Amino acid sequence: MAHIAAIGERQRVIGLTAVGAAVLPAPDPEAVRAAWHTLPAGVGLVILTPAAAEALGPGVVAGDEPLVAVMPP
C-alpha cells in the first residue's frame, strides 16, 4: 500500500497527520528540496503547498512517481 507525504509550510501541512500522512515541514526552498530527497520509502502521493511546488519546479511536480498534488493557494 502506498503512503502519503506532505511537504511545505508547517501551518499548512500539519493537519494532514490526522489522515496518516508523513508530514515534512519545510519553511524555505532549501528545506523543501531536502525533504523531497528524503521521502520515506513507499510514498505514492506527495501533497505540496504552492510554495513547496514552486521550490521544486515544474519538472518534479510533473513527474510520474510519486504522484504529486498541489494544495490550492
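Reply: Val60 is partly exposed, with a relative accessible area of 26%; here, buried means under 20%, exposed means over 50%, and partly exposed lies in between, using a 1.4 Å probe and counting protein chains only. This is a predicted model, where local features need pLDDT of at least 70 and side-chain atom pairs count only at pLDDT 80 or more, while totals for chains, interfaces and linings use all residues. Residues are numbered from 1 along each chain as its sequence is written, and side-chain values use heavy atoms, with hydrogens and water left out.

You will find Val60 in helix H4. Helices (DSSP H or I runs of at least four residues) and strands (E runs of at least two) are numbered from the N terminus. The protein chain has 4 helices and 4 strands, in the order β-α-β-α-β-α-α-β along the sequence.

What does Val60 touch, not counting residues up to four places away in sequence? Its partners are Trp36 and Val68, where a contact means heavy atoms within 4.5 Å. Val60 and Trp36 are 24 residues apart along the chain, and their C-alpha atoms are separated by 9.5 Å. Across the protein chain, 43% of the contacts between residues at least 6 apart in sequence join residues at least 24 apart.

Now follow that contact to Trp36. Leaving aside its neighbours within four places in sequence, Trp36 is in contact with Val60, Ile7, Val46, Leu56, Pro66 and Val68. Trp36 is one of the buried residues of helix H2 (residues 29-37), along with Val32 and Ala35. These three cover an arc of only 100° around the axis, which puts them on the same side of H2; the arc is that of the directions from the helix axis to the C-beta atoms. An α-helix has 3.6 residues a turn, so residues three or four places apart point the same way. On the face of H2 turned away from its buried side sit the exposed residues Glu30 and His37.

At the start of H2, a side-chain oxygen of Asp28 comes within 3.2 Å of the backbone nitrogen of Glu30.

Trp36 also leads us into the largest nonpolar core, a set of 15 residues. A nonpolar core is a set of buried Ala, Val, Leu, Ile, Met, Phe, Trp, Tyr and Cys residues joined through side-chain atoms within 4.5 Å. The members that touch the most others are Trp36, Ile7, Val32, Val46, Leu48, Ala52 and Leu56. At least two residues come from each of S1, H2, S3 and H3, and H3 gives the most, with 4 residues. A second, separate core has 7 residues, including Val13, Ala21, Val23 and Ile47. In soluble globular proteins, nonpolar side chains tend to be buried together.

Thr49 is buried, with a relative accessible area of 0%. Not counting residues up to four places away in sequence, Thr49 touches Ile7, Gly8, Glu9, Arg12, Val13, Val70 and Met71. In the protein chain as a whole, buried residues make up 36% of the 73 residues.

Conventions
Polar contact = N/O pair within 3.5 Å; in protein donor to acceptor, adjacent residues only side chain to side chain.
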